Amino acid sequence: MTLATAINRAFDIVTRRLDGPLMVVIVVLAAISLTSVYSASGGESFDRTFGQLRNFTVAFIAMWIVANVSPQTLMRVAIPVYIVGLMLLVSVALFGEIRNGARRWLNFGFITIQPSEIMKLGMPLLLAWYFHKKEEGLGWKDYALAGLILLLPTGLVMRQPDLGTSILVFSAGFFVIFLAGLSWRILIAAGIAGMAFLPVAWTLLHDYQRERILTLVDPMKDPLGAGYHIIQSTIAIGSGGILGKGWLNGSQAQLDFIPERSTDFILAVFGEEFGLVGTLLLLVLYLIVIGRGFMIAMNASTTFSRLLAGALTMSFFTYAFVNIGMVSGILPVVGVPLPLMSYGGTAILSMCIGFGMLMSISTHKQLVSS
Amino acid sequence: MVGTAIKNREAELNIFRSRVIVATIAILIGFLILGSRLFYLQVVKRDQYHTLAEANRISVVPVVPNRGVVYDRNGEVLAANYSAFTLEVTPSKVKNLDRVLDDLATIVDIQPKDRRRFKRLLEESKNFESLPIRNRLSEAEVARFAVNRYRFPGFDIRARLFRNYPYGEVASHAIGYIGRINDGDLKKIEAANLMRNYKGTDHIGKLGIEGSYEAELHGTTGSEQVEIDAGGRAIRSLAKSEPVAGNNLRLTLDIKLQKFAEEAFGDFRGALVAMDPATGEILAFVSKPGFDPNLFVDGIDPVNWDLLNTSEDRPLTNRALQGQYPPGSTVKPFMALAALENGKRTPEFSIVDRGYWNLPGVSRPFRDWKKGGHGVVNLHKSIVVSCDTYYYGLGNDLGIDKINSFMTPFGFGRKNGIDVDGEQAGNMPSQQWKQRRFKQKWYAGDTISVSIGQGYWLATPLQLATATAILANGGTQVTPHLLKEVIDSKTGAKRSYKPPPQAQLSFKPENLQLVRQGMIDVMQPGGTAWRSAIGAGYQIAGKTGTSQVVGMKQGEIYDAREVKERFRDHALFVAYAPADNPKIALALLVENGGHGGSIAAPIAREVFDYFLLGKQPDLEKRKKRDYDLSDSD
């Protein structure tokens, strides 16, 4: 065996389970993320940039491993992942660590984890498995049980309180049910019931959550308090104009006017420095990811794979939509990071594990159909 | 079987595809919304946001000038600045302040006192002001806070200049203090059109020299264009116009003498004003008890404030300026001079004092302080032994209006024009005054009380000192003042205090000489304060006095032993020395001290000894000094 063939073999082993188009877009997004994180840290310190590079490295390795796991295996781990996730959520409610007034973390001494992150993937896994098993004739009881699987963790996360994550956990599960073919009549009925429940939900919200929603209606009401984030981030994005102020030249970003500028509000930094050209490019990149995700779902060979791929793709959209909506001032401020852009290990890791699942589905289908 | 399965799969796939199409449409709509929102922000509204972003970035911040330093006449620092770190908060930026403060207390030491003071500031201030929670943070505290700053939005550490009064209570009533600018101050600043100059300044002189020379001390505020971040923290300076520091002041006070005089009072309450009789320069300005002006700099906390305000000793009252007391027998030299100058008495004129005096046609007698009287008394003796009876007749012969017009040029009944605020005018009565004040005519009996410095006559210790100085200098109407000179902070040029034009009162030299000799002999054996002059080595001219606290019916006998301490008479003493070439003139009052000769005069002797000879006090003697129960005046 020559060196050339050895390298070829090795390259093949590394790449054969990766989805080419998805991989290209993800790497481009990661590169944009690194430049923005660098800019958000004032262009002076590489600490965060290296941190983000480490986050991506770890996440890509995890993605590669998951991509090499077959969908059947994914199906097998669905129940354990969900159960463990649920148990951890219950533990959080009982013994969780309180930070910033919310009980979201579990401290194991050597590592602190946020179990709601596990549920973002555990939820669609289990529901996709569930509908896969119930292939024949779905009755209302099946949907009711699916509803229970959906609402139990959602409720636990909402109670922490973590509105943003609970929306993501809920939508990930809901997308599976939607794609599985829950009839429009029930969907509409549930929608109306949900609307009716809104006033009740309003009273259940925490003061700060209500304030965030009210602030959205009129951010100027409290320019130094709750409205501050929205005002500053819209100023940043708006002042970027069409072409942007240029990398490292955003005054809003560089002068620390934007809160959470390397995490949830990184779009404000990016939008100020790269303008409409940059933000639209970002939307296009996200659309490519979504389009590719749906292609993989459509071509998937099993119900499980289809539903999982479809739901993960729609979740990805939800992340992007909620974050951009919030930073640009049309949605309330909830803690949702911008996918593949915001600084933060956990979010990038769970996002890339999701992509790993998509790639697994995309590259394992021949095996299954045979 | 297989057929239905395939069919089912087919149907399921169809449903899935249709759902994906619906989802795709929804997603495209979603991205369209986001795209239009971004287009709206970045294209339609771009200019507006661009302006906002620019405004965000550059801020003009005031640069507060250093406040002028205050020195005593010998260059000792009385009020100076030092830089320290304070922890400040803008309350409007913080939700649930109390809880955040609890949190903060785990990092920075916050005493209940600090909280009380902060609460008070909070009540008095506008919400958007930055208020200090803790002053003078230690380096460790600054470091700890810096690490945890992200947890406390709205809180910040600032380097601030603080005022320090190194002598604490000493001369507190003369120096005054600075405190946070309140609504009243703000109105004054606005009225004086000084708002621009006070941008960024949060303290202002409130009392004493700090208050009256605010315009000199404050300086001119500079400004700096800075790039700031959202937390208001300056990132870099773009342009700067330097502030001009306030001018320094040199006072006429001799702080060592001042400290000495205050100590001489011991635990007694009272006041002392000592001045250079030639110029009116105030050498010592005592009002006991005092207060620590340093307490006010940070904004006084309510507990200390209440203590100062409700104390029976009234430490915040400036007794030297605001305490209006009946001057008692200290007015006798002035009364004697008035009678001589008006030709109502000659040096030889004598009375036989049996211990009482009757107003013609009135049976009720006016009594002398000494039972049985002083025997044959002429003008000289009347001063030496402080004979009341002599002055009853003298006053009656002069009449109140002559008394009034003679005393007013000495500064009685009007403000003396000292260069700190709050001076009271006292009261020099006249017929007109009584008509105006009480809508009553003046009775001859009213004049009799006034003749011995009681009744309607009220004087401040400052007025007594000024009058004594005028007597000592031979009639030059000096204006008492605390400022010696202003030292320009930029050029170092000195500008001396300019007194208003001084009139010269003219007296017949022999009259003046006679009165002065009487005062000299007060300090000789046979005089009311002779013990205080033993072994002085220089001549003192003085006059004792007693000021009634409790109104006594004529004829009632005052027995100090039966009167509660707070109702005892005030002891008074006026004096100058050396008698032949006066270098210092003073007036002092010891509240509830009894008689002037036994309590007040020894304090004056200590002050003279120290000022003229540099002599330290005999502490043993001072300790023994107490309230004197003997009958004397």
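Modeller: Start with strand E20 of chain B, where eight of its eight residues are buried. Keep in mind that this is a predicted model.

Biologist: How should I read the two sides of a strand?

Modeller: In a regular strand the side chains alternate between the two faces of the sheet. In E20(B), one side carries His570(B), Leu572(B), Val574(B) and Tyr576(B), and the other carries Ala571(B), Phe573(B), Ala575(B) and Ala577(B). Both faces are covered, and these residues are all buried.

Biologist: Which strands pair with E20(B), and in which sense?

Modeller: Strands of a sheet pair through backbone hydrogen bonds, either parallel or antiparallel. Here E19(B) and E20(B) run antiparallel and are joined by seven bridges. Within that pair, Ala541(B) stands opposite Tyr576(B). E20(B) is also joined to E21(B) by seven bridges, again antiparallel, and there Ala571(B) stands opposite Val590(B).

Biologist: What is the strand order of the whole sheet?

Modeller: The sheet is open and has five strands, in the order E12-E11-E21-E20-E19 of chain B, with antiparallel pairing. Strand E12 (282-288) and strand E19 (541-547) of chain B each have a single partner strand, so they stand at the edges and one side of each is left without a neighbour in the sheet. From one strand to the next, the twist averages 5°.

Biologist: And what packs on this sheet?

Modeller: Helix H22 (residues 596-613) of chain B does, touching E11, E12, E19, E20 and E21 of chain B. Its direction makes about 30° with that of E20(B). Going back to the strands, E11 (residues 270-275) and E21 (residues 584-590) of chain B run antiparallel and share six bridges. Val273(B) stands opposite Ala587(B) in that pair.

Biologist: Which residues should I look at to find the largest nonpolar core?

Modeller: Look for the members that touch the most other members. Of its 120 residues, these are Val273(B), Leu586(B), Leu588(B), Ala600(B) and Val607(B). H22(B) gives the most to this core, with nine residues. Domain 2 (60-248) and domain 3 (256-624) of chain B both give residues to the core, so it lies between them.

Biologist: What does Ala600(B) touch?

Modeller: Leaving out residues up to four places away in sequence, its contacts include Ala571(B), Leu572(B) and Phe573(B), as well as Leu588(B), Leu589(B) and Val590(B). There is also a second, separate core of 114 residues, which includes Ala320(A), Ala347(A), Met351(A) and Val20(B).

Biologist: How do I read another strand group in chain B, say the one around E3(B)?

Modeller: Take its partners one at a time. Strand E2 (residues 70-71) and strand E3 (residues 77-89) of chain B run antiparallel and are joined by two bridges, with Val70(B) opposite Ala79(B). They form a hairpin with five residues between them, and Gly75(B) in the turn has a positive phi of about 90°. Ten bridges join E3(B) to strand E5 (residues 155-164) of chain B, also antiparallel; Leu87(B) has Ile157(B) as its bridge partner there. E3(B) pairs with strand E4 (residues 131-134) of chain B in the antiparallel sense over three bridges, and Glu88(B) stands opposite Pro132(B).

Biologist: Turning to chain A, is Ala309(A) buried or exposed?

Modeller: The test is a count of neighbours: 20 or more other C-beta atoms within 10 Å make a residue buried. Ala309(A) has 30, so it is buried. This residue is found in helix H13 of chain A, and its contacts include Gly293(A), Ile296(A), Leu358(A) and Ile361(A). Its C-alpha atom is separated by 9.2 Å from that of Pro124(A), 185 residues apart along the chain.

Biologist: How many residues does each chain give to the contact between A and B?

Modeller: Chain A gives 40 residues and chain B gives 36. On the chain A side, the elements that give two or more residues are helices H7, H10, H11, H12 and H13 of chain A.

Technical notes: Residues are numbered from 1 along each chain as its sequence is written. Chains are lettered from A and ligands numbered from 1 in the order in which they are written. This is a predicted model: local features need pLDDT of at least 70, side-chain atom pairs count only at pLDDT 80 or more; totals for chains, interfaces and linings use all residues. Two strands pair if DSSP finds at least two bridges between them. Helices (H or I, at least four residues) and strands (E, at least two) are DSSP runs, numbered from the N terminus. Axes are lines fitted to C-alpha atoms, for helices over the stretch in contact, and angles run from 0 to 180 degrees between N-to-C directions. Two residues are in contact if their C-beta atoms, placed from the backbone, lie within 7 Å. A nonpolar core is a set of buried Ala, Val, Leu, Ile, Met, Phe, Trp, Tyr and Cys residues joined through C-beta atoms within 7 Å. A residue is buried if 20 or more other C-beta atoms lie within 10 Å of its own, exposed if 12 or fewer, and partly exposed in between; C-beta atoms are placed from the backbone. Domain bounds come from an automatic or database domain assignment.
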